[in-house]
Amino acid sequence: MSRPSKPEPMQVVKQRRDATLDALVARVPFIRTLGVVFERRGDELTAILPYREMLIGNPILPALHGGATAGFLEVAALIELTWTQVWPNVESGRITPEQVTQASALRMPKTVDFTIDYLRSGLPRDAYARARVNRSGRRYASVHVEGWQDNRSRLFAQATGHFVMPAAPSDDG
Amino acid sequence: MTDNRIATVRDFIIELPYARALRLELRGIGAGWAELAMPYHPDLVGDPATGVVHGGAVSALMDTTCGGAVMAHPDAGLGTATLDLRIDYMRGATPGQAVRARATCVRVTRSIAFVQATAFDDDADAPIATATGAFTVTGGGPAPTLA
């Protein structure tokens, strides 16, 4: 709204978006524990689970632990959902990346249910995921996530989750 | 044979690298059921505003407990994999408290095990989460010895 009509310098835009994403991810300790990182192209996010020995659930095959895959996909879904909520506010200047780092300034959606479909065993190498918000209402959201490793078209897991959205600041007492 | 098998499963599931990373503890195991606990740790927090453990950590506890129940079932082999798992999160686990999950095989066929699990913290009256899963079953029989 208050943005000047002249486009901002590219570095300013990129810096603001990257700082926001970094802040969103850094505030969740479990994301660091699992080791998930995110790449951004415009508003499109890709979650990456770099392979580590601690993610193994079947040492004989070996294969990733189903619980590690589940956590990875849930992290990807939650960050995508929060990102799509925050994006318009950050772009318009209503929220600064600094505010995102404050735990109290940004409420996270809550997972209601999460259903994971294991399509093939997770190989001992990096995994990727992209989430799509299929429905985002004032109170509830439905998010689908796809996970793959070597081939984008050969998913190793997919998941759908429902989330309760945090109350808007204006709804607070 | 059954006691031998239970002992094998008991050692196996909590020694898995990811189970160790989450500090999972075995609380009980028997024919077709298992009970595991995940102690509270700041590494597992999902919402810094509340200190509540991330759903992804609870999912791993549920998946491991369900897998353990399948491996401990007399009609299933030790090799099992999750086909699908649905988790319903009913409330956030109280920060500072361990999460306990108990899984039971509802039905085991020659190819599939249907498993249900419930997770609690110290309040045994209000579940944190429930899970329903389908797991693969590979040939039953005596438990192989692990290297």
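**Salt bridges and their surroundings**

A: In this predicted model, a search of the whole structure finds 16 salt bridges over all chains. One of them pairs D113(A) with R86(B), whose closest N and O atoms are 3.5 Å apart. D113(A) belongs to strand 5 (residues 110–118) of chain A and R86(B) to strand 5 (residues 82–89) of chain B, so this pair joins two chains. The two partners can be described by their accessibility. D113(A) is buried, its relative accessible area being 8%, whereas R86(B) is partly exposed at 35%.

A salt bridge within chain B links the side chains of R100(B) and E35(B), at 3.8 Å from N to O. Because R100(B) lies in strand 6 (residues 99–108) of chain B and E35(B) in strand 2 (residues 33–38) of chain B, the pair ties together parts that are 65 residues apart in sequence. R100(B) counts as partly exposed, with 26% relative accessibility, while E35(B) is buried at a relative accessible area of 16%.

L26(B) itself is found in strand 1 (residues 25–30) of chain B. From L26(B) to Q97(B) the separation is 71 residues in sequence and 16 Å in space, taken C-alpha to C-alpha.

Chain B also holds a salt bridge between D121(B) and R91(B), with the closest N and O atoms 2.7 Å apart. Here both partners are in loops: D121(B) is in the loop between strand 7 (112–120) and strand 8 (129–136) of chain B, and R91(B) is in the loop between strand 5 and strand 6 of chain B, so the pair ties together parts that are 30 residues apart in sequence. D121(B) counts as buried, at 0% relative accessibility; R91(B), at 26%, counts as partly exposed.

In chain A, salt bridges that share partners join E8(A), R16(A), R17(A) and E91(A) into one network. The axes of helix 1 (residues 10–26) of chain A and helix 3 (residues 66–91) of chain A come within 11 Å and cross at roughly 140 degrees. The two helices are therefore oblique to each other, and their crossing is right-handed. Helix 1 of chain A contributes R16(A), R17(A), T20(A), L21(A), L24(A) and V25(A) to the contact, and helix 3 of chain A contributes I79(A), T82(A), W83(A), V86(A), W87(A), V90(A) and E91(A). By class, the contact comprises eight nonpolar, two polar and three charged residues.

Two backbone features complete the account. In chain A, the peptide bond from L61(A) to P62(A) is cis, with omega near -10 degrees. P62(A) is placed in the loop between strand 3 (56–58) and strand 4 (63–64) of chain A. In chain B, R23(B) has phi near 60 degrees, a positive value in a residue other than glycine. R23(B) is placed in the loop between helix 2 (17–21) and strand 1 of chain B, and it is partly exposed, with a relative accessible area of 32%.

Conventions. Residues numbered from 1 in each chain as written. Chains lettered and ligands numbered in written order. Predicted model: local features only at pLDDT ≥ 70, side-chain atom pairs only at ≥ 80, totals over all residues. Heavy atoms only, no water. Salt bridge = Lys/Arg side-chain N within 4 Å of Asp/Glu carboxyl O. Helix = DSSP H or I, 4+ residues; strand = E, 2+ residues; numbered from the N terminus. Buried < 20%, exposed > 50% of the residue type's maximum accessible area, 1.4 Å probe, protein only. Axes fitted to C-alpha atoms, helices over the stretch in contact; angles between N-to-C directions. Parallel < 35°, antiparallel > 145°, perpendicular 65-115°, else oblique. Left-handed = near helix turned anticlockwise from the far one by under 90°. Contact = heavy atoms within 4.5 Å. Nonpolar A, V, L, I, M, F, W, Y, C, P; charged D, E, K, R; others polar.
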